Structures are given as structure tokens and as C-alpha cells.
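Reader: I would like to go through this model term by term. Please set each value against its definition.

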Amino acid sequence: MQTNTSATESISAQRNYQLIVPFVSALLIVLFLFFIDEGYYDFRWMTDPGNWLAFLMYLAVFFVIQSLIYNFGLSYLKGPVKNILMLGVVTVGIVFLILWLVF
């Protein structure tokens with residue numbers, strides 16, 4: 001009986017990662033985009049309720065894209081390597097975006 005409970009908990013944890021990692025990845029991207037959006041390079045946009053609506057729409061779109069990448073594009077990887085690669089790709093992508101904007 002313990003084996004089934006352990007397997008069920010493992011599947012549940014895996015499902016959580018399938019949602020959490022793409023969400024964090026999408027959140028980082030959208031926060032960065034909104035940070036540079038108005039040219040202020042700060043988070044003044046958070047004071048306007050209309051910006052929150054746009055933020056949630058962007059977050060939803062990027063979450064779907066990141067979920068597809070995580071679940072289908074990186075499906076050949078297993079374990080923490082998949083999570084590290086997903087978050088690493090976002091970090092590298094943001095760095096390249098900054099370099100593209102500066103140069």
C-alpha cells in the first residue's frame with residue numbers, strides 16, 4: 001500500500017512542476033517586459049489597474065507558450081535537468097533581449 005501512495009505523490013509532484021516551472025518562466029519574462037515597457041525602467045505600471053489587465057493577458061499567453069515548450073519541446077528530458085534548462089533558457093533569452101535592446 002505504501003508503494004501506491006508514494007507513486008501517487010510522485011505523479012502529483014510531477015504535475016505541479018508541469019505548471020509551476022512554465023508559470024515562473026512566463027512570470028519572469030512578462031515582468032521584464034513590463035519593467036522596460038514604458039521606458040521608465042521601474043515598476044510604476046503597477047499603480048494603474050488597467051496595466052494589471054494587460055499584464056494578466058500577457059502572462060496567460062506566455063504561460064501557454066512556456067507550457068508547450070516545457071511539455072513538448074523538452075519532453076525528452078527528465079527530472080531537475082528539465083527544470084533547470086527551462087529556467088536557464090529564459091535567463092539566457094532575457095540576457096540576449098537586453099543585449100539586442102542596448103546594441
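Author: Start with the surface. The protein chain exposes about 7400 Å², and carbon and sulfur atoms supply 71% of that area. Accessible areas come from the Shrake-Rupley method with a 1.4 Å probe, and for residues only the protein chains shown count as cover. This is a predicted model: local features need pLDDT of at least 70, side-chain atom pairs count only at pLDDT 80 or more, and totals for chains, interfaces and linings use all residues. Residues are numbered from 1 along each chain as its sequence is written, and side-chain values use heavy atoms, with hydrogens and water left out.

Reader: How do you know that the length of helix H2 agrees with its number of residues?

Author: Helix H2 covers residues 49-73, which is 25 residues. The expected span is 1.5 Å times one less than the number of residues.

Reader: Why is Ser67 called buried?

Author: Buried means under 20% relative accessible area, exposed means over 50%, and partly exposed lies in between (1.4 Å probe, protein chains only). Ser67 has 14%, so Ser67 is buried. Ser67 sits in helix H2. Other buried residues of H2 include Phe55, Leu59, Gln66 and Tyr70. Over the 103 residues of the protein chain, 21% count as buried.

Reader: What does Ser67 touch, not counting residues up to four places away in sequence?

Author: Ser67 touches Pro22 and Phe72. Contact means heavy atoms within 4.5 Å. Among contacts in the protein chain between residues at least 6 apart in sequence, 63% join residues at least 24 apart.

Reader: Which residues form the largest nonpolar core, and what makes it a core?

Author: The six are Ala26, Val30, Phe34, Trp45, Phe55 and Leu59. A nonpolar core is a set of buried Ala, Val, Leu, Ile, Met, Phe, Trp, Tyr and Cys residues joined through side-chain atoms within 4.5 Å. H1 and H2 each give two or more residues to this core. H1 gives the largest share, three residues. Leaving aside neighbours within four places in sequence, Phe55 is in contact with Leu27, Val30, Leu31, Phe34 and Trp45. A second, separate core of five residues includes Val21, Leu74, Leu77 and Met86.

Reader: Why do Phe23 and Val24 count as partly exposed?

Author: Phe23 has 37% relative accessibility, so Phe23 counts as partly exposed. Val24 has 33%, so Val24 is partly exposed too. Both values fall between the 20% and 50% limits. Phe23 lies in helix H1, and Val24 lies in helix H1 as well.

Reader: What makes the nonpolar patch a patch, and which residues form it?

Author: Like charges are joined within 9 Å, and nonpolar side chains (Val, Leu, Ile, Met, Phe, Trp, Tyr) within 5 Å. Here the members are Leu19, Ile20, Phe23, Val24, Leu28 and Leu87, with about 480 Å² of accessible area together. Helix H1 (residues 2-37) gives the most, with five residues. Val24 and Leu87 are 63 residues apart in sequence and 8.1 Å apart in space, C-alpha to C-alpha.

Conventions:
Patch = residues over 30% accessible without salt bridge, like charges linked within 9 Å, V, L, I, M, F, W, Y side chains within 5 Å. Salt bridge = Lys/Arg side-chain N within 4 Å of Asp/Glu carboxyl O. Helix = DSSP H or I, 4+ residues; strand = E, 2+ residues; numbered from the N terminus.
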